[in-house]
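Walk through this structure with me, one contact at a time. Keep the sequence and the 3D view side by side.

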Amino acid sequence: MAFTSLGLSEPLLRAVAEQGYASPTPIQAQAIPAVLDGRDLLAAAQTGTGKTAAFTLPLLQRLEGVGRDTRPGRAPRALVLVPTRELAAQVSESVRVYGRHTGIRTTVVFGGVGLQPQAAALRRGIDILIATPGRLLDLVAQQHANLSDVDCLVLDEADRMLDMGFIHDIKRILGLLPRTRQNLLFSATFSEGIRRLAAGLLHRPLSIEVAPRNAPAELVSQSVYHVPKTGKQALLAHLLSQEYWGQTLVFTRTKHGANKLAEQLGRDGFQVAVIHGNKSQSARMQALAAFKEDRVQILVATDIAARGLDIQQLPHVVNYELPHVPEDYVHRIGRTGRAGADGAAVSLVCKDEASQLRDIERLLGRRLPAHPVPEEILATLQADTPFPRTPPNPMPDSKHRPASRRGPSTSPRRLL
Ligand code: AMP
């Protein structure tokens, strides 16, 4: 299928072509004509499926089509609610890129940065507003944001918004919108909470499911190393340098753990950035930009901070510690293998994490294959290692080296 058969206008097709997209992803092929028709949507799709363009492109076209309002100070006619600042920034960037040949104006608002510039942008007048719920309500309370003209609402990563406790904020926002409007709901998972939200929000929606629920992107190869906690750092450094891993996103469970690991890797000579909830918004943006532009090889992140990160062609994701919630594992590894790229997700699992691994494997419906820990790493550890030296189902080494489009990097890269 070609983008030209979806009914999109020339300025949008031009922007898509400039992005180098050859054909629509499955969610785009299904969602775009339906949204152009004005239908509500219930989409089961995780990041990496092309879901952002699936709602952004038809939204831009509808706003163009209804005769554009160019008055300064106009209130937004489309509202995109997202759970995190990073996702807000990414969606806003997508709207800017896909809408670059339209006259549509967009702005993004989220907490952690000054409110006044956002209020000023709203005063100038916009068509699409991308927002995290808390900051949007602050702006409404201070009468900087007016939601009475919104005729299309998008809830992106709705499951995450509920996980983060935004349900009351969402309900308050829904109460501020006109009753008649188009609603698009995107969620990676479908809990009872999401079903209830969808039932109250959507009117005869088109349901789209592009990946099996809770199923990670197929192109991601997943494996584990059973390694004592004290050996994780040495093993990670070994994999990064000896296995020629290129850019790698490393997840830790805590902010403190993220800082500590980044310091250790820095001492080992790697270029590392850190992203977690205690970092200021500008520090997070800088870290993400450095990673995206390949100025640092490793990004260490916690779950919340990494939610929705869009990093193209990322070959490796490492779970330095397993998450407590098995669904978070699926979200984490959804960072790699995006939009057709191959990826590898490797988990370093110590004895204390056996039950988390069991939960993850139950969710996935299969056992994750284990690599043997290299002898030189085992040699650095104390003799009482709690794991067998030869795991039951060893994998050939080449398995965790995906066909990266970047090619191998000359690692470790030394700090200047
Ligand atoms: P998303 O699921 O919206 O987070 O998008 C994941 C990635 O896929 C982004 O980096 C997009 O630039 C990319 N992408 C979106 N649509 C397409 C397409 N039709 N062809 C190739 N890549 C795409």
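Start at a ring: Lys-232 lies over the face of Tyr-320, at 5.8 Å from the ring centre. A charge sits over a ring if NZ of Lys or CZ of Arg is within 6 Å of the ring centre and within 35 degrees of the ring normal.

A word on the source. This is a predicted model, in which local features need pLDDT of at least 70 and side-chain atom pairs count only at pLDDT 80 or more, while totals for chains, interfaces and linings use all residues. Residues are numbered from 1 along each chain as its sequence is written, and side-chain values use heavy atoms, with hydrogens and water left out.

The structure has two aromatic pairs. Phe-55 and Phe-186 make a tilted one, with 5.2 Å from centre to centre and 55 degrees between the planes. Rings of Phe, Tyr and Trp (its six-membered ring) pair if their centres lie within 6.5 Å; planes under 30 degrees apart count as stacked, over 60 as edge-to-face and the rest as tilted. This pair links distant parts of the chain, since Phe-55 sits in helix α3 and Phe-186 in strand β6, 131 residues apart. Helices (H or I, at least four residues) and strands (E, at least two) are DSSP runs, numbered from the N terminus. Phe-55 counts as buried, at 0% relative accessibility. Phe-186 is buried too, at 1%. Buried means under 20% relative accessible area, exposed over 50%, partly exposed in between (1.4 Å probe, protein chains only).

Now the interior. In soluble globular proteins, nonpolar side chains tend to be buried together. The largest nonpolar core here has 40 residues, and Leu-57, Val-80, Ile-128 and Ile-130 touch the most other members. Such a core is a set of buried Ala, Val, Leu, Ile, Met, Phe, Trp, Tyr and Cys residues joined through side-chain atoms within 4.5 Å. Helix α3 (residues 51-65) gives the most to this core, with seven residues. Apart from it lies another core, of 33 residues, among them Leu-115 and Phe-166.

Helix α2 (residues 26-36) has buried residues including Ile-27, Ala-31 and Val-35. The buried residues of α2 pack against β1 (41-44), α3, β6 (182-187) and β7 (206-209); contact means heavy atoms within 4.5 Å. Just after α2, Gly-38 takes a positive phi of about 90 degrees.

Charges come next. There are 16 salt bridges in the structure, each a side-chain nitrogen of Lys or Arg within 4 Å of a carboxyl oxygen of Asp or Glu. Lys-51 and Glu-157 form one, at 3.5 Å from N to O. Lys-51 lies in helix α3 and Glu-157 in the loop between β5 (152-155) and α7 (158-163), so the pair ties together parts that are 106 residues apart in sequence. Lys-51 is buried at 3% relative accessible area, and Glu-157 is buried at 2%. A network of salt bridges links Lys-51, Asp-156 and Glu-157.

Which residue forms a salt bridge with Arg-160? Asp-328 does, with the closest N and O atoms 2.7 Å apart. Asp-328 lies in helix α14 (residues 326-333) and Arg-160 in helix α7, so the pair ties together parts that are 168 residues apart in sequence. Both Asp-328 and Arg-160 are buried.
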